[in-house]
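User: Could you take a close look at the packing in this model for me, and then carry on to the ligand site? I'd like one connected account, with cut-offs spelled out.
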Amino acid sequence: METEPAKPQNTTAILGAFQAEVALLEDRLAERKEYTIESIRFVTGTMNGRGAVIVWTGIGKVNAAMTTTLLIEHFKPREIIFTGIAGGVNPTLQPGDIVIAEKTAHHDMGTIWPEGLFFKGVKNRLTGIQNPVFFRADSGLVELAELAGGKAAFEKIETTEGKRLPKILRGVVVTGDVFVASEEKCLDLRKRLDADAVEMEGAAVAQICHQRQVPHVVIRSISDNANAGAIVDKQMFYILAAKNSSSLVFEMMAQAGILSHGQE
Ligand code: ADE
């Protein structure tokens, strides 16, 4: 086990919240090396010929922000891709379907007035400039994800009409330090933030990437519909969702030669 990694150019970082969300990708790394920094295990190697570093953040925004900061400090990745599961807020999404987040937002940040929560970003600690409510993903990475979506080897989704490939949607992913199992909250997130999916890490990673000027994209596959059945559904569809999200990321790495960073 080594401690301080070399910082090669053009490394792509892949993050997930749970070990199981990144394990499938870790298994596909060649020339593996492991580093432990502050007790967190980072695995480097090559995937589809491209340099990669993989780490799981743990659950929630603080763990995600901490791990992303350590990652940027020690590995200087060229871009960051987050992969994992999410609750579907868009009613057209079923477990196994995928959202490529064009933008992410904290759904629990701002001021709670008597009328409800008014969303507002905090100031960027590095520049003093107000952060936006929505963090935009890098447009080149979004396009790469969409391209990969047309080629990846996905698990099919069972429906009443038979099996189908996952639907892949460019959309809005919202993040908070809560697991959402409430239809009422879903309707609110859809109405007020136009959310397609809800999870617990994406906007925190995006905020660090925005503040440190590292291109990023969040990819999420649906494990539940964030309603009263969410906990049970998550157990049932977790593996399907984790697989579909990581298959898309694996294919992104195969197509990454075409990467050109657009917006951030
Ligand atoms: N991750 C997966 N499902 C979720 C949900 N319903 N709420 C928050 N994070 C999730």
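Analyst: Val43 is buried, with a relative accessible area of 0%; buried means under 20%, exposed over 50% and partly exposed in between, with a 1.4 Å probe and protein chains only. Before going on, please note that this is a predicted model, in which local features need pLDDT of at least 70 and side-chain atom pairs count only at pLDDT 80 or more, while totals for chains, interfaces and linings use all residues. Residues are numbered from 1 along each chain as its sequence is written, and side-chain values use heavy atoms, with hydrogens and water left out.

Val43 sits in strand E3, residues 40–47; helices (H or I, at least four residues) and strands (E, at least two) are DSSP runs numbered from the N terminus. Setting aside neighbours within four places in sequence, Val43 contacts Glu26, Leu29, Arg32, Lys33, Glu34, Ala52, Val53 and Ile54, where contact means heavy atoms within 4.5 Å. Thr92 is 49 residues from Val43 along the chain, and their C-alpha atoms are 36 Å apart.

Phe42 has contacts with Lys33, Glu34, Tyr35, Ile37, Val53, Ile54, Val55, Thr67, Leu70, Leu71 and Phe75, again leaving out neighbours within four places in sequence. Phe42 also belongs to the largest nonpolar core, which has 29 residues; Leu15, Phe42, Leu71, Phe75, Ile80 and Val205 touch the most other members. Such a core is a set of buried Ala, Val, Leu, Ile, Met, Phe, Trp, Tyr and Cys residues joined through side-chain atoms within 4.5 Å. H2 gives the most to this core, with 5 residues. Another core, of 27 residues, lies apart from it and includes Leu25, Met47, Val249 and Phe250.

Thr57 is in the loop between strand E4 (50–56) and helix H2 (61–75). This threonine is buried too, at 6% relative accessible area. Not counting residues up to four places away in sequence, Thr57 touches Leu15, Gly16, Ala17, Asn63, Ala64, Thr67, Phe82 and Glu201.

Now to the ligand. Its shell is made of Ile85, Ala86, Gly87, Val178, Phe179, Val180, Val198, Glu199, Met200, Ser223, Asp224 and Ala226, where a residue is near the molecule if one of its heavy atoms lies within 4 Å of it. Strands E5 (79–88), E13 (197–199) and E14 (216–224) each supply at least two of the shell residues, and E5 gives the most, with 3.

An N or O atom in the side chain of Asp224 is 2.6 Å from one, a backbone N or O atom of Val180 is 2.8 Å from one, and for a backbone N or O atom of Gly87 the distance is 3.2 Å. Taken alone, the ligand exposes 260 Å², of which the protein buries 96%; these areas come from the Shrake-Rupley method with a 1.4 Å probe.

Ala226, from that shell, lies in the loop between E14 and helix H6 (230–255). Ala226 is buried at 0% relative accessible area and has a positive phi of about 55 degrees although it is not a glycine. Gln213 likewise has a positive phi, of about 60 degrees, without being a glycine. Gln213 is in the loop between helix H5 (202–212) and E14, and at 70% relative accessibility it counts as exposed. For context, most residues other than glycine have a negative phi.

Note on methods: Polar contact = N/O pair within 3.5 Å; in protein donor to acceptor, adjacent residues only side chain to side chain.
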